[in-house]
Amino acid sequence: MNYSNFGTKFTQPNGITQLMEDLGSANASNNPNIVMLGGGNPAHVPQVNAVFLDELQKLVASNKVSQVFGLYDGPTGNDEFRAALAKQLNSEFDWGLTTQNIALGNGSQANFFVLFNMLAGKMSDGSTKRILFPLAPEYVGYADQGLSDDMFVAIKPDIEILNTPSGSKQFKYVIDFGAVEKVLAEDSSISALCVSRPTNPTGNVITDEEVRHLDALAHKYNIPLIIDNAYGDPFPGCIYTDANLTWNSNIILCMSLSKLGLPGLRTGIVVANNEIIKAIGRVNGSMVLSPNAIGPSLVTRLINEGELLPLCKNTVLPFYKNKAEIAINLFDEIFADLPVYLHKLEGAFFMWLWFKDSKITSEMLYQKLKEQNVYIIPGHNFFIGIDDSWEHKHQCVRINYANDEATLRKGLEAIKALIM
């Protein structure tokens, strides 16, 4: 088949597609011996599932299902949900939002495709603009989103080895602001900053001061700051450290219903100034006519009745925080005498392991584990825009610890056996 440039770019093998195909094949095999520690699927939290099932039954009982299934919403998404969310965010954070500050899309992946390609790539004046990730590693799903080549620039992190009270071998990535400011001062092609908080893959939560510093730089260079808040407050609220959510008209805040437990309903949320929201709506109209209505309809009443945030704070957050504590204890036990470091678990539900001085690369480890029906994610895919020559890039893996303790233990033991 003779594809266009677009077709050639998006049909060739890439990191995120290969990983999702591997995970999909593993899940479809129904093999009871598979140890699934890859992917970003949230856990099935029984209390949360029960709430959503009850909401679905309420929709059926109120005869709203025919509206949800049988009518298009506008291109920026369900108006009732957008109004409820604006009211909720104003109540929590006093941001002064209206429905004109909120747009929906068919998942965060689709929203980022729209945002990145609106803000970067080939411009009307013939120039080329790029997105800057101030902290690597970053979400692997960003890597192949650009319609143009070399759309992303990333900054290597500072690596801080932490002194933990328990003696646990932990570290944390910190933004190298000197390097960020140097790139912004010297490279006029940067058209936006983008950071996830909590960060997928590491669980890093950049500090409030780091957010303020990035926001100040974005204002200084007249570019937007995109914050991927898919795991953050106020929902699903998977943050285990002190962190405050912020927004202003120069910040594009991206949220999602996926990590609440609704990944299959593909509901991504963008909070931004009205110019950005209008633009997203026009792209949605061209690409999909209207975003999915089922996800928004399922949670609108929960928001309006003040039930969603207590569900997050009292059920979702404790559930994942307990999983994080189990993960740390297992790490400390299994890798006690090995030069393996764990990124500090500050949010989301991923372990990021660094095999310092290891002779085996993350890709080799991934392939060997896959032969044993153990699935993790090799870390090099997350270092978007970072040269392959940096050894650290090939020494890390991401593990989803939302599984049960026995499964996580089995996977970590398999890893230990291969790196010893």
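Asn 200 sits in the loop that runs between β8 (190–196) and α8 (208–220). This is a predicted model, and in it Asn 200 is buried, with a relative accessible area of 6%. The structure also holds 24 aromatic pairs and 13 salt bridges. The points below are grouped by topic.

**Asn 200 and its surroundings**

- Asn 200 counts as buried because its relative accessible area of 6% falls under the 20% cut-off.
- The side chain of Asn 200 makes a polar contact of 2.8 Å with the side chain of Arg 398.
- A polar contact of 3.5 Å joins the side chain of Asn 200 to that of Tyr 231.
- Leaving aside residues up to four places away in sequence, Asn 200 touches Glu 138, Tyr 139, Tyr 231, Phe 350, Phe 382 and Arg 398.
- The loop between β8 and α8 also contains Pro 198, and the peptide bond joining Arg 197 and Pro 198 is cis, with omega about -5 degrees.

- Asn 41 is in the loop between β1 (35–36) and α3.
- Asn 41 is partly exposed, at 48% relative accessibility.
- Asn 41 and Ala 402 are 361 residues apart in sequence, while their C-alpha atoms are 8.3 Å apart in space.
- Not counting residues up to four places away in sequence, Asn 41 touches Pro 263, Phe 349 and Asn 400.

**Salt bridges**

- Arg 130 and Asp 187 meet through their side chains in a salt bridge of 2.6 Å, N to O.
- Arg 130 lies in strand β4 (residues 128–133) and Asp 187 in the loop between α7 (177–186) and β8, so this pair ties together parts that are 57 residues apart in sequence.
- Arg 130 is partly exposed, at 23% relative accessibility.
- Asp 388 and Lys 393 also form a salt bridge between their side chains (2.6 Å, N to O).
- Salt bridges that share partners join Glu 55, Arg 301 and Glu 307 into one network.
- Glu 307 is partly exposed at 34% relative accessibility, and Arg 301 is partly exposed with a relative accessible area of 27%.

**Aromatic pairs**

- Among the 24 aromatic pairs is that of Phe 331 and Phe 335, whose ring centres are 5.6 Å apart; their planes are at 35 degrees, so the pair is tilted.
- Phe 331 and Phe 335 are both buried.
- The rings of Phe 383 and Trp 390 have centres 5.7 Å apart and planes at 85 degrees, so this pair is edge-to-face.
- Phe 383 is buried at 2% relative accessibility, and Trp 390 is buried at 18%.
- Ring pairs also link a cluster made up of Phe 112, Phe 116, Phe 133, Tyr 139, Tyr 142 and Phe 152.
- Tyr 139, a member of this cluster, is one of the residues that Asn 200 touches.

**Nonpolar surface patch**

- Leu 53, Leu 56 and Val 60 make a nonpolar surface patch of about 260 Å².
- Leu 56 has its place in helix α3 (residues 46–61).
- Leu 56 is partly exposed, with a relative accessible area of 37%.

**Backbone features**

- The peptide bond from Ala 136 to Pro 137 is cis, with omega near 5 degrees.
- Pro 137 is in the loop between β4 and β5 (152–154).
- Asp 94 is not a glycine, yet it has a positive phi of about 55 degrees.
- Asp 94 is in the loop between α5 (79–93) and β2 (102–105), and it is exposed at 69% relative accessibility.
- Asp 357, also not a glycine, has a positive phi of about 65 degrees.
- Asp 357 lies in the loop between β13 (350–355) and α12 (362–371), where it is exposed with a relative accessible area of 55%.

Notes. Residues numbered from 1 in each chain as written. Predicted model: local features only at pLDDT ≥ 70, side-chain atom pairs only at ≥ 80, totals over all residues. Heavy atoms only, no water. Helix = DSSP H or I, 4+ residues; strand = E, 2+ residues; numbered from the N terminus. Buried < 20%, exposed > 50% of the residue type's maximum accessible area, 1.4 Å probe, protein only. Polar contact = N/O pair within 3.5 Å; in protein donor to acceptor, adjacent residues only side chain to side chain. Contact = heavy atoms within 4.5 Å. Patch = residues over 30% accessible without salt bridge, like charges linked within 9 Å, V, L, I, M, F, W, Y side chains within 5 Å. Areas by Shrake-Rupley, 256 points an atom, 1.4 Å probe, with all protein chains shown as cover. Salt bridge = Lys/Arg side-chain N within 4 Å of Asp/Glu carboxyl O. Phe/Tyr/Trp six-rings, centres within 6.5 Å; stacked < 30°, edge-to-face > 60°.
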